[in-house]
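Let's take a walk through a structure together. Have the sequence and the 3D view open, and look things up as we go.

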Amino acid sequence: MTVIRQEATSGSTGDWHLERKRAWSNWMTGMMFLLPSLILFGVFLFYPMVRTVYLSLFLTDSQGVPVVFVGWENFVNLFQSTSFQLSAKATALFVLYTVPAGIVLATALAILANQKLRGIGLFRTMFSATMGMSVAASSVIWMFLFNPSIGLFNRILAALNIPGVQWLLDPQYALLSVSVATIWMNTGFAFLILLGGLQNIDQSLYESARIAGVSESYKLRKITLPMLSPTLFFVTTVSLINAFQTFGQIDLLTRGGPMESTNVIVYSIYKDAFINYNVGSASAQAVLLFVAVLIVTVLQFKIGERKVHYQ
Amino acid sequence: MRKVELKGLTKSYDGKQDVLKAIDVTIEPGEFFVLVGPSGCGKSTMLRMIAGLESITAGELALDGKRANALSPSDRDLSMVFQNYALYPHLTVEQNITFGLHVKKISKKEQKARCEEVCAMLGLTDYMKRKPKELSGGQRQRVALARAVVTQAPLCLMDEPLSNLDAKLRAKMRSEIRQLQRKLGITMIYVTHDQTEAMTMADRMMILSGGDVQQIGRPLDVYNNPANTFVASFIGSPPMNLIEAEISDSVLVADGHWMTPITADMKAKLQTDKVTLGVRPEHISLAKDSEPGFLVQVANVEVLGTETLVTFDFGEDTQWIAKWNGQSDIQPGAQIRIAVDDHHLALYSTETGERIYCQASEQAAEKKVSS
Ligand SMILES: Nc1ncnc2c1ncn2[C@@H]1O[C@H](COP(=O)(O)OP(=O)(O)OP(=O)(O)O)[C@@H](O)[C@H]1O
Ligand SMILES: [Mg+2]
């Protein structure tokens, strides 16, 4: 006992040094573990982000090298250009068309596929299959479906004696058509996550409800949806961000046309940067898109999270 | 109050193996009926079949004399407390308690009144606006109980409701549940794997093992008169001591040299000369100097305050436990002389485990005849 006490008193200043040393070595160890991701994030995420903001303040040459510092001019030009306004509108509409409908559809499918029926595994596989399909392959399928002369949709219309529609070539329909294809492509992912969420709900809650004798719709409203809300919240957030960033199917199905009706911001960025070689303007758009996604996500967290019941 | 009759009730999940095998029992109105048995013996399955949550493979379930095999759970007019409470985590205590009452055409006002009444009864009034996660285990359990009580259903099913609680709270809730059941006069079917709960709460109990009924009866009858070695070793804490014994002339010989005399009527019941002998721990005592005793070696001693449990070696690979009142200062390793009260012997068939003879039951029968 005495020995220990002696050490403790004589080492009180030493303790402080020791503690600092331990803290430092702890920090170093932590850093070592973080380093790989920090490097990856730095090279592929943080650096490009900073670089984009930097470039958005410059006029660039065709190589993308900043030439003249122009300050906010790129942004001012964007806000004045009708093309950008159309892009913004198309993006907003695209998000509006795809996210709510996609989530409702995926939720409905997940609830259906969560029943205990023979052969339900087949349906679960089918409903989630789109997750395993590349955008390119899916786009080809939809290209065939939308084809004005041999496509399924126009054949159905023809069978009903309704004149065919130029699904991807009519500015009135193009964005809607792309949205439908996108909903289909994204359903698999949302479905799978939501099904997982449903299966996590304690079965005895439903058994208790069965004994109480409440109706199916009451169970859906009072048990399933509230218990699923954290999953729904996650899926909504991911889908929103995803929708803002959609590129593949637009490039393959419409190339931003017709009459720029599907020229969402991501596609517009791509065109400005790699076709018009206007990297400054493209960067400015990228910054605006980033801000828009950020605002929507923050809003979603602020508003949506209040309605989420975490366990 | 409801009468529940099971007639040859059988359950098989996979169509091959029976989880419950032809259960026959009648549970009387207002009875506190306890289902007890080891893990996996089919207690929950039986309760869920009565609730209508599990289909009935064969046999009949009757409620108040009417066949109820195909009745939906809500039409059976019962309430159930689940093992994990099954509270809705997103609803407040009050909403949890009144959940589904609208189906029974109970007005909002009446719902509120009833909820307040049961909350007062169960000491939940201060917690009505809280979510389940903000409650302690015991409080959650009371919410589950309140939810069952508030429906005023005449039959209540409970599946191991106390298994998650600590010993002290469990003892308290045991008596609370029992009082509540008496007060409301409901029929209760209560599942547990804890024999103390079964003994202390039941009007009658059923011991299940591997889907078979082992014994049905009042707790004391079951305790004094176990129908077979399974019940003997399951009911009672510590359980009944068992050992194989041989009969030679008019004595019973266990472990080669320990012997006890057997009476004539005992002998009359014996067909074989090999039986399993059962003795309750409280019927083993230290032999007085004048008494004949049997020398054994103490393996372990547990002093519980009011009583002492002494484990001693008996036979080659058997250990017996004796229970004495008071605090004993015997040390492990000591040699002691024990005496077995030969008015409380039970004999079981070594092959089937069925009871052949039990002195307690003979005495009880005699008493009945003479009175
Ligand atoms: N849904 C099911 N499908 C197949 N077998 C099941 C199912 N539920 C239970 N069983 C089997 O039935 C038997 C009885 O199960 P049950 O849940 O009734 O046991 P228990 O007596 O309640 O046990 P415990 O005390 O552990 O709760 C077990 O062997 C179990 O494996
Ligand atoms: Mg169980």
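Predicted model: local features only at pLDDT ≥ 70, side-chain atom pairs only at ≥ 80, totals over all residues.

Start where chain A meets chain B. The contact takes 19 residues from chain A and 23 residues from chain B. How much area do the two chains bury between them? It comes to about 1800 Å², with 63% of that on carbon and sulfur atoms. Over in chain A, the residues that lose the most area to chain B are Glu207(A), Arg210(A) and Ile211(A), and together they make up 33% of what that side buries.

Now zoom in on Glu207(A). Its side chain meets that of Arg48(B) in a salt bridge, with N to O at 2.6 Å. The count of salt bridges between chain A and chain B is one. There are also seven residue pairs in polar contact between the two chains, counting pairs with both residues at pLDDT 80 or more.

Which elements of chain A give two or more residues to the side that touches chain B? They are helix H9 (203-212) and helix H10 (216-244). H9(A) supplies the largest share, eight residues. Sort that side of chain A by class and you get ten nonpolar, five polar and four charged residues.

Next, hop over to ligand 1. The residues around ligand 1 include Tyr13(B), Val19(B), Cys41(B) and Glu160(B). By class, this shell has three nonpolar, five polar and two charged residues.

In Gly40(B), a backbone N or O atom lies 2.8 Å from an oxygen atom of ligand 1. Lys43(B) uses its side chain instead: a polar atom there lies 2.7 Å from a ligand oxygen. For Thr45(B), an N or O atom in the side chain is 2.5 Å from an oxygen atom of ligand 1. On its own, ligand 1 has 630 Å² of accessible area, and the protein covers 56% of it.

In chain B, Ser237(B) and Pro238(B) are joined by a cis peptide bond, with omega about -5 degrees. You'll find Pro238(B) in the loop between helix H8 (229-234) and strand E11 (241-248) of chain B. In chain A, look for Arg255(A) in the loop between helix H11 (248-253) and helix H12 (265-274). Arg255(A) has a phi near 50 degrees, a positive value in a residue other than glycine.

How values were computed:
Residues numbered from 1 in each chain as written. Chains lettered and ligands numbered in written order. Heavy atoms only, no water. Contact = heavy atoms within 4.5 Å. Buried area = accessible area lost by both parts, 1.4 Å probe. Salt bridge = Lys/Arg side-chain N within 4 Å of Asp/Glu carboxyl O. Polar contact = N/O pair within 3.5 Å; in protein donor to acceptor, adjacent residues only side chain to side chain. Helix = DSSP H or I, 4+ residues; strand = E, 2+ residues; numbered from the N terminus. Nonpolar A, V, L, I, M, F, W, Y, C, P; charged D, E, K, R; others polar. Near = heavy atom within 4 Å. Areas by Shrake-Rupley, 256 points an atom, 1.4 Å probe, with all protein chains shown as cover.
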